[in-house]
Amino acid sequence: MHVRPITGSKPTPIINSVAEYILGWEMARLGRLADPHTGMVSRAKPLLQELADHVNESDDHATIARTLIALVHRDPATGVNDWPAAHSYIRRHLATHATAGGILTRLLEDPEYLVHSDAAPLLRALDTVIDPVHRTVADIYRASAVVHASLTSDGRRDILAIDAARYQQPQLAAEFARTRPWAPRWATGSLVHPAYQATLTGHTSHANAVAVTEIDNRAHAVSVGGDRTVRVWDLEANTERATLTGHTDNVNAVGVTEIDGRPHAVTAGDDRTVRVWDLVSGTERAVLTGHTSRVETVVMAEIDGRPHALTAGADGTLRVWDVVSAVERAVLTGHTSRVKTVVVTEIDGRPHALTGSRDGTVRLWDLLSGTERDVLTDHAGQADKVITMAVVEIDNAPHAVAVGIGGKVRTWNLTTGTQFASIAVPSRWVNAAVVTELDDRPHVLTASSDDGTVRVWDLVAGVERDDLAVSTRSLRLMVVADIDGRPHALATGDEGTVLVWDVASGTERTVLTGHTGSVLMMAVAQIGGRPHALSTGTEGTVRVWDLAVEPRPASAAGHSATVRTMTVTEFGGRSHAFTTGDGGAARVWDLVSGAERAVLEGHAGAVKAVAVTMLDDRYYALTVDETAKIWDLASSSLRGAFTGHTNLVNSLAVVEIDGRPRAVTAGADSTVRVWDVASGSEQAVLEGHTGGVTEVVVTEIDDRPHAISAGFDGTMRVWDVISDTERTVLTGHTRWVRMLVVTEIDGRPHVVSASEDRTVRVWDLVAGVERAVLTGHTRSLIAVKVTELRGRPHALTTSFDRTVRVWDLVTGIERPALTGPANLLNAMAVVKIDGRPHAVTTCDDRKVRVWDLLSARVTAVLTLPLPAQVIMANDELLLLGMASEVIALQHTAVP
């Protein structure tokens, strides 16, 4: 992507007027706070009004924008505009003038403007960008605006540079990072998507549900969460309008209605209350009590021309509330278990409610009389826990559709109460379902995780119409949206994704990525005349997506779930990174170019460890989860598996014996096993641990290869892997051992162990004795690294006590600790920078800190879009695991 600094045109005759306008604007701003010079502001008002009239009437915003740019000093040596020194009016309002004048794209070509502009007006202006090149710049700016909008310029640079790399724009990334000590070399982009518009943050726990309404003729969302709050959001400004408090436990559901011409929300939660809120004033109108257990569902209905709320939940009742008078109209009983779904419809001109329960029944209620009209049962008498219901029209009569978790789709004629049809979905269970219309006929979509299918059923004919291609196996929730006049299904996936299908064509339109937790609820709304989706997540956010954006396929490169481990190794003459994660795959990256060289898929669970070895002049990778597998890296094909462990495999190491590579694995079955890599045969089972083995490392003792294992029994055992015998048992830890690192002290092999007993211990492997006990941490250890400081081996340890401690391994004495902010440390690495040893730490505050270990001082602080949970460093790059993404940063020569 080509980028260039903006150059303004030469000053025009209007420039003095604009300058005076800015001066007057500033005087007026100050005058609203104080008027130390009596009459100054009042004397300026006529000038301000005249200039404002001129600006508004001339409609020459392009000229104004160019003139404002001309007021910004440009460094002749670098060609960079000095936006930090520009008047605040320019940084705040230039985007608005440029948009009105049709020259916003010129601003988007100057990375420095994007770094220093006020975020809110620029974000509003970005909605007008339509050409693909500048739309990508807009997507990059928007991707993490919720984070960078309030940061300093350095923090904003870091995030914009990383997001440019995530969008595969390396030149723009370099421009953003030009003054920073670390810059992105490459990045994956599995969590960015051009449909993303905004993240609404504020909830401190799960965002459980969301509804959409209008306040003051603007689209607003109302979300509820596990933090006991109700939050109101302006969807045009993407800002929080109000936080409504009153619930004393989790808030589960929300509905919206109008009372006396004013928008209101009705919420319900685990505190067994239903609350009514005036959304204009942000005040609580009523608290409705009566439920005897948690309330999970709120549906709005009109009865006798008045708005009513229908609420249901774990007590098995449906309660009807007049929200104007705040009185309970009816308590409808009959269900014997939790009521999961409620649908409102009209039969014979009277309002009715359908309820579906975990007791397997569907009941029809007359809301005017408050009586049960019918219990809708299956012909075969088979009960099926209801997860989704809808009302459709078949042959000009209203019909109820109920989908059960056991795979039954049942349809009843609501006028006669007779069953119309029953469809058996050929799956063990159905996770989600939704009803829509195709070719003027009602259809239902069912999603089943056991076979990974989404099926489309014609409800009139009772036959399967289509089987949609699915890129994720487990779907939990489905809604329908109209995009370009065609019905589309939106479904939530396992990894925080939202899948979008064109139902008519049966094709996947796109996969919306960005949530770092599970998606709990979705809503569809029109914002600015375009269809949007709102999704709530377990991470406490509400995300807004523009569904009309040109579709993009899911990112082909990158993990789909959290990255857990990273290993850097060299093969084929180039450095490569191996990353593993919760998604059951290991991925291999060219460390310099970022090209994905191999994807090793086939594990059923999270891949916990990876090692590389050579066999017959070919490179192979070994990976473990519940099993240990070996992969040919040239073809990404599975060569074989090591079978023998009877429980999870936790750790892996490779050692050479008689010129042949052997794998050593540690398992939750309390054994350590040795394998011949070439044949895949088990060479030895090393027994002795009395609990699961969590870690294994290898080293040489007396010129013979040995394995050191540790586990839940608190011991470490040293094994001679040639003779397959136990050399010694190292005892001292009082709880299980989490980590082992081998090192050399005074020319002798040692192992450093970290335990749940909060101690770090140093062991002489030749003598088989404890050399030192390093105490000071007050909580569990997170990481242990070994490096050399001034020619002596040192250990660096991090803990959940939020400290980084440095230990001289020769003397066992603690050196000055690395002290920083009181944030949880996630990961640590050691690396040499300009010949000096450094530590790199990641924290839950989204910061990466680089520490000079000789001075114990921070030399650089980098800001990330998301916290990084794992880090690896070598002399070339820093490699970060940021949720499911991989980010490579390189040290730069800052000008």
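A: Let's start with a term: a crossing is left-handed if the near helix is turned anticlockwise from the far one by less than a right angle, and right-handed if clockwise. Keep in mind that this is a predicted model.

Q: How is a pair of packed helices described, and which handedness does the crossing of helix 3 and helix 4 have?

A: In general, two packed helices are described by the angle between their axes and the distance between the axes. Here, the axes of helix 3 (residues 61-70) and helix 4 (residues 88-100) come within 8 Å and cross at roughly 150°. Helix 3 passes helix 4 in a left-handed crossing.

Q: Which residues make that contact?

A: From helix 3 you have His61, Ile64, Ala65, Leu68 and Ile69, while helix 4 brings in Tyr89, Ile90, Leu94, His97, Ala98 and Ala100. Sort the contact residues of the two helices by type and you get nine nonpolar, two polar and no charged.

Q: What about phi, and what value does Asp348 have?

A: Most residues other than glycine have a negative phi. Asp348 has a phi near 55°, which is positive, and it is not glycine. Look for Asp348 in the loop between strand 15 (339-347) and strand 16 (350-357).

Q: Is Asp348 buried or exposed?

A: Exposed counts as over 50% relative accessible area. Asp348 has 59%, so Asp348 is exposed.

Q: Where is Asp658, and what is the phi of Asp658?

A: Asp658 sits in the loop between strand 42 (649-657) and strand 43 (660-667). The phi of Asp658 is near 55°, again a positive value in a residue other than glycine. Asp658 counts as exposed, because its relative accessibility is 72%.

Technical notes:
Residues are numbered from 1 along each chain as its sequence is written. This is a predicted model: local features need pLDDT of at least 70, side-chain atom pairs count only at pLDDT 80 or more; totals for chains, interfaces and linings use all residues. Side-chain values use heavy atoms; hydrogens and water are left out. Axes are lines fitted to C-alpha atoms, for helices over the stretch in contact, and angles run from 0 to 180 degrees between N-to-C directions. Helices (H or I, at least four residues) and strands (E, at least two) are DSSP runs, numbered from the N terminus. Contact means heavy atoms within 4.5 Å. Ala, Val, Leu, Ile, Met, Phe, Trp, Tyr, Cys and Pro count as nonpolar, Asp, Glu, Lys and Arg as charged, and the others, Gly among them, as polar. Buried means under 20% relative accessible area, exposed over 50%, partly exposed in between (1.4 Å probe, protein chains only).
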